[in-house]
Amino acid sequence: MPLSDPDQRMLLHDVADRLNTVADHLPLPDQIRPDPALSEILDDEVRHLARLLGFLASESAFRHRAAARSPVRPTTTVRRTTLALASAAEPTGLALAALSAAVHHLGHLADLAHQAPGPARDRAITTEHQRLEDRLGDSRIYLARAAKHLRAAADTRTPPAATAVPSLSTTTTPSRSR
């Protein structure tokens, strides 16, 4: 049974909220420290984001199959919701890729911590830390973009169905008296 228009909008807002929650759990630049706590955060948020991306892909595929099999043409709201979910997959995937790169840079930082001190190591640590910050920032940007797109699609109202124009035979014309 297809979701009602309000349910379609609630679905888009719910997914947007979940994307924003992942972004909110990512540390801000002044909170980034190459310690085990950050790797735990990244582990959790990569898992959450991967599940969300999986949901977007499976929901899009399910809706596409349902539209192809159904004798009834999908409503404008259903089509808009399906497109919004599919479109959100790209920035969500980019956010996941950015988090994956952040994991990579965090690994480099952990390795650098065990190397002999010196100017080269200090420069490498500074570079890797900046790259880590950049990837976390990129992820936040992509997540915000996906959430904004979903909210915009949810808040776009379907125009009401056009009302039938009464035929001339059923309308009464007021009489004019002079």
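**Helix packing and the nonpolar core**

H1 passes H4 in a left-handed crossing. This description rests on a predicted model. Helix H1 covers residues 5–25, and its axis lies 8 Å from that of H4, at an angle of about 165°. Angles over 145 degrees count as roughly antiparallel, so H1 is roughly antiparallel to H4.

The residues that form this contact can be listed from both sides. H1 contributes Arg 9, Leu 12, His 13, Val 15, Ala 16, Asp 17, Leu 19, Asn 20, Val 22 and Ala 23. From H4 come Arg 140, Leu 143, Ala 146, Ala 147, Leu 150, Arg 151, Ala 153, Ala 154 and Asp 155. By residue class, the contact of H1 with H4 holds 12 nonpolar, five charged and two polar residues.

H4, which spans residues 119–155, also packs against helix H3, residues 76–112. Here the angle is about 165° and the axes are 8 Å apart. That angle makes H3 roughly antiparallel to H4. The crossing of these two helices, H3 and H4, is left-handed. In the contact of H3 with H4 there are 22 nonpolar residues, along with seven polar and six charged ones.

The next topic is the nonpolar core. In soluble globular proteins, nonpolar side chains tend to be buried together. In this model the largest nonpolar core has 31 residues. Which of its residues touch the most other members? They are Leu 19, Leu 49, Leu 132, Leu 136, Leu 143 and Leu 150. H1, H2, H3 and H4 are the elements that each give two or more residues to this core. The largest share comes from H3, with nine residues.

Leu 150 ties several of these points together. It is one of the H4 residues in the contact with H1, and it is among the core residues that touch the most other members. Leaving out residues up to four places away in sequence, Leu 150 touches Leu 12, Val 15, Ala 16 and Leu 19, as well as Ala 84, Leu 85 and Ala 88. Of these partners, Leu 12, Val 15, Ala 16 and Leu 19 are listed on the H1 side of the contact with H4.

Is Ser 39 buried, partly exposed or exposed? Ser 39 counts as partly exposed because its relative accessibility is 34%, a value that falls between the 20% limit for buried and the 50% limit for exposed.

Notes: Residues numbered from 1 in each chain as written. Predicted model: local features only at pLDDT ≥ 70, side-chain atom pairs only at ≥ 80, totals over all residues. Heavy atoms only, no water. Buried < 20%, exposed > 50% of the residue type's maximum accessible area, 1.4 Å probe, protein only. Axes fitted to C-alpha atoms, helices over the stretch in contact; angles between N-to-C directions. Helix = DSSP H or I, 4+ residues; strand = E, 2+ residues; numbered from the N terminus. Parallel < 35°, antiparallel > 145°, perpendicular 65-115°, else oblique. Left-handed = near helix turned anticlockwise from the far one by under 90°. Nonpolar A, V, L, I, M, F, W, Y, C, P; charged D, E, K, R; others polar. Contact = heavy atoms within 4.5 Å. Core = buried A, V, L, I, M, F, W, Y, C linked by side-chain atoms within 4.5 Å.
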